[in-house]
Amino acid sequence: GADDISGGTTDGCGAGGVSCFHDNIFRHMETIGAGSQGLGGISAFNGLVNITVEENVVHDAGANGQHCLYFGSRQIPSSNINIRRNICYNAQWNGFHLNGRMTNMQVDQNIIYSASVSGISMQEGVKDSFIRNNLIFNTAQAGIIINNYPGDCASFGQGGSGTICPYDQSGNLFENNTVYQAGTDWTDSSSYEQPAVRVKNDAVGKVGDLGHNTFRNNIFVGYGSYYPPVVYDDDDKDYLSTSTFTDNIHWSVN
């Protein structure tokens, strides 16, 4: 198969917005690689409800693999997802890629390192969720990325014909995380200057609120002289001024 573990709600099964992928637990597994053109060691899409992924080791996605974990939502939102106490390393793309409308997601006590993109990538609508007690280090881009993009969206002036659309990514709590940028990839053969956290809206018209989030008791260590540890790219938006930062340590390695 293309992935080690995969599932979700197909458009036909989910007629009327009904979840067909719910109340599932994935626990105590080791996944290695993701097959030919795999999306992730663990991947599921659309209408994910009451899902738990805990105490797994997911690593070495392979030459054609992507993420350790890839959860996404298109037409049917997802809710009540728990991702806790997992270890992820050597991902070809992101460690955890969380893409689409998801609420009350708990991402807690995970260790993510040596990813070729980001440790935790949140896109297109992760809202009112909790990212706590995670350790992220040695990633080629920002350890945590909050980002919107046009997708194939037929709404909001994005110019597409589909249902992958940018939505608000607000009301999230980032607490007790340590994000450390070492400046190299896991082979130690390339150098990267990247922040610990980056917030950037690439959607047409910058649709979606990427502010109104809370960052509390985190350690954010960036690498390089080009970026500070936390970067907000959209200086024409109020994402930074509407977010709350309390009792964090911000540091640049060099």
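Buried means under 20% relative accessible area, so C153, at 1% relative accessibility, counts as buried. The views below use that cut-off and all come from a predicted model.

**View 1. The disulfide of C153 and C165.** Here the sulfur atoms of C153 and C165 are 2.1 Å apart and form a disulfide. Both cysteines lie in the loop between β18 (144–148) and β19 (173–175), so the pair ties together parts that are twelve residues apart in sequence. Like C153, which is buried at 1%, C165 is buried, its relative accessible area being 5%.

**View 2. The disulfide of C68 and C88.** The structure holds two disulfides, and this view turns to the one formed by C68 and C88, with sulfur atoms 2.2 Å apart. C68 sits in strand β7 (residues 67–72) and C88 in strand β9 (residues 87–91), so the bond ties together parts that are 20 residues apart in sequence. The torsion about the S-S bond is about 85°, which makes the disulfide right-handed. C68 has a relative accessible area of 3% and is buried; C88 is buried too, with 1%.

**View 3. F71 and the largest nonpolar core.** The largest nonpolar core has 40 residues, and F71, F96, L98 and I120 are those with the most contacts inside it. Leaving out residues up to four places away in sequence, F71 touches a set of partners including I42, L48, I51, V53, I81, I83, L98 and M102. Among its other partners are S43, H97 and N99.

**View 4. Q194 in its loop.** Look for Q194 in the loop between β20 (178–180) and β21 (197–201). Q194 counts as buried because its relative accessibility is 14%. Setting aside neighbours within four places in sequence, Q194 is in contact with A140, Q141, A142, Q181, G222, Y223 and Y227.

**View 5. D233 and its partners.** D233 belongs to the loop between β24 (230–232) and β25 (244–246). With a relative accessible area of 28%, D233 is partly exposed. Beyond its neighbours within four places in sequence, D233 is in contact with R198, V199 and K200. The side chains of D233 and R198 make a polar contact (2.8 Å). D233 and V199 are 34 residues apart in sequence, yet 6.3 Å apart in space, C-alpha to C-alpha.

**View 6. The protein chain as a setting for the close-ups.** The chain has zero helices and 26 strands. Buried residues make up 52% of its 254 residues.

Note on methods
Residues numbered from 1 in each chain as written. Predicted model: local features only at pLDDT ≥ 70, side-chain atom pairs only at ≥ 80, totals over all residues. Heavy atoms only, no water. Helix = DSSP H or I, 4+ residues; strand = E, 2+ residues; numbered from the N terminus. Buried < 20%, exposed > 50% of the residue type's maximum accessible area, 1.4 Å probe, protein only. Contact = heavy atoms within 4.5 Å. Polar contact = N/O pair within 3.5 Å; in protein donor to acceptor, adjacent residues only side chain to side chain. Core = buried A, V, L, I, M, F, W, Y, C linked by side-chain atoms within 4.5 Å. Disulfide = S-S within 2.5 Å.
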